[in-house]
Amino acid sequence: MKIAVIGTGYVGLVTGVCLAELGHHVTCIDVDQEKVEKLNSGKSPIYEEGLEELLQKNLHNEQVEFTTEYQQGLKDKQLVYLAVGTPQGEDGSADLTYIEAASRDIAEHLENDTVIVTKSTVPVGTNEYIKEIIEANLVHEVHIKIASNPEFLRQGSAVYDTFHGDRIVIGSDDEEALELLEAVNAGFNLPIVKTDLRSAEMIKYASNAFLATKISFINEMANLSEKIGANIDHVARGMGMDKRIGESFLNAGIGFGGSCFPKDTRAIISIGKEIAYDMPILENVVDVNERQRSIIVDKLLKRVYDLKGKKVAVLGLSFKPNTDDMREAPSIAVTEKLLEEGATVVAYDPVAVANAKKVLPGQVNYAESAEEAVQGADVAIILTEWKQIKEFPLTGYKERMNKALLFDGRNCFNLDQVKDSGVEYHSIGRPV
Ligand code: UGA
């Protein structure tokens, strides 16, 4: 099939390249000339495992191409995917500026009947709004159909998730559009959920909100476990073996970050507000997550009292491992608080330092390795469970720090390991 994808951000690029890999012919359109040139030369602007290889292979086979030209990009396409960003607006709602602009561009240049498929996460009802914008601005005599095909990709494993996801959701109020999308996705060989437009939009928000709820829930249980002398690792394991609960997303820590959960939970609350429907569970999910970020620093302060003149090694900055993404990373709030308390901060992250420098306070110093960061430190604090950090041995802290005092916001070590290590170890939801 001939497909266009608008927007070559993380969602659009992965979608375009993976559809090409299935054998479709894909033209990706982006307004950013430099990015388009980079992509046409086989370089991926984001790091995603396996993406650059697939990009190069499909460029070589002429299955995928990149352009800034709408007219050329939309020509003869049976499907046009919209995958532009929907950042968080000032009031927490999704900002649809890019969706509106892309819809107008489609309307101006579309010369044949097509199905417009929204990949971007958009509030319920937005697909109908997109249809209105396009139809109101069409230059040529053409007919469009609208469908929603939300993504469930995790950053860092987006290519894997595209081919091995649990389900594909396609929603449309038009039977032919549904059939076309079913055919396009058949090659993925995954279960397909066919539904109406609004339910598809809702499935995306409800899924992310539920996963965020699971994390805040386990964090609340962790805080309580710690106070009453239980161990959250054992509690989560015992809970997760119940298939109705499930074992994933029960890792207690310093809370969720990233470009999706914080934004989408606030957006769904805001969708409710617009129709005067309060969502107390989700409001508390957001509050618990905010509070969780300060818990590790509060513990540290309770133990050390005064951080003035103390050197704190911060290990891990990105919002989760295997990505350089700093959006809504808990490390931002944590480093700000440490500096406010008068500490000298030396941070280490295997890949996120360049992005971290753009968002962390200027006083933060950076180290090339965990060894270098903890050298001569008074306190060490783990914020992201990178392999390099999980595998940095406890003896490394013991040998390099003034007095080995470790606060672990991601429960990287089990308590047996720590017992006779000579490291004073504090974590989340477990007895000291
Ligand atoms: C998330 C969803 O998992 C994807 O299904 C969805 O498609 C994506 O958002 C999106 O809407 O685009 P992502 O943000 O890449 O993907 O990352 P996750 O791996 O889900 O982790 C999110 C945050 O939750 C991280 O900060 C992580 O540290 C935290 N987390 C996750 C926990 O604190 N505990 C857990 O048990 C799991």
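Helix α9 and helix α11 (residues 261–274) pack at an angle of about 115°, and their axes are 9 Å apart. This is a predicted model. Angles from 65 to 115 degrees count as roughly perpendicular. α9 and α11 are therefore roughly perpendicular to each other. The crossing in which α9 passes α11 is left-handed.

Now look at the residues in this contact. α9 contributes Y205, N208, A209, L211 and A212. On the α11 side they meet F261, D264, T265, A267 and I268. By class, the contact of α9 with α11 divides into 7 nonpolar, 2 polar and 1 charged residues.

Next comes helix α12 (residues 280–304). Its axis and that of α9 come within 9 Å and cross at roughly 50°. Angles under 35 degrees would count as roughly parallel, and 65 to 115 as roughly perpendicular. α9 and α12 are therefore oblique to each other. Their crossing is left-handed.

The contact residues can again be read off helix by helix. From α9 come A209, A212, T213, S216, N219, E220 and N223. They meet I281, L282, V285, V288, N289, Q292 and I295 in α12. The contact of α9 with α12 has 7 nonpolar, 6 polar and 1 charged residues.

Step back to the domains. The domain assignment of the protein gives domain 1 (2–195) and domain 2 (261–426). Their centres, taken over C-alpha atoms, are separated by 35 Å. In the contact between them, 11 residues of domain 1 meet 11 residues of domain 2. The side of domain 1 that touches domain 2 has 4 nonpolar, 6 polar and 1 charged residues.

Of the 19 residues around the ligand, Q155, N251, F256, G258 and C260 come nearest. Helix α9 (residues 197–228) supplies the largest share of this shell, with 3 residues. By class, the shell around the ligand has 10 nonpolar, 6 polar and 3 charged residues.

Put together, α9 packs against α11, its axis crosses that of α12, and α9 gives the largest share of the shell around the ligand.

Conventions. Residues are numbered from 1 along each chain as its sequence is written. This is a predicted model: local features need pLDDT of at least 70, side-chain atom pairs count only at pLDDT 80 or more; totals for chains, interfaces and linings use all residues. A residue is near a molecule or strand if its C-beta atom, placed from the backbone, lies within 6 Å of it. Helices (H or I, at least four residues) and strands (E, at least two) are DSSP runs, numbered from the N terminus. Ala, Val, Leu, Ile, Met, Phe, Trp, Tyr, Cys and Pro count as nonpolar, Asp, Glu, Lys and Arg as charged, and the others, Gly among them, as polar. Axes are lines fitted to C-alpha atoms, for helices over the stretch in contact, and angles run from 0 to 180 degrees between N-to-C directions. Angles under 35 degrees count as roughly parallel, over 145 as roughly antiparallel, 65 to 115 as roughly perpendicular and the rest as oblique. A crossing is left-handed if the near helix is turned anticlockwise from the far one by less than a right angle, and right-handed if clockwise. Two residues are in contact if their C-beta atoms, placed from the backbone, lie within 7 Å. Domain bounds come from an automatic or database domain assignment.
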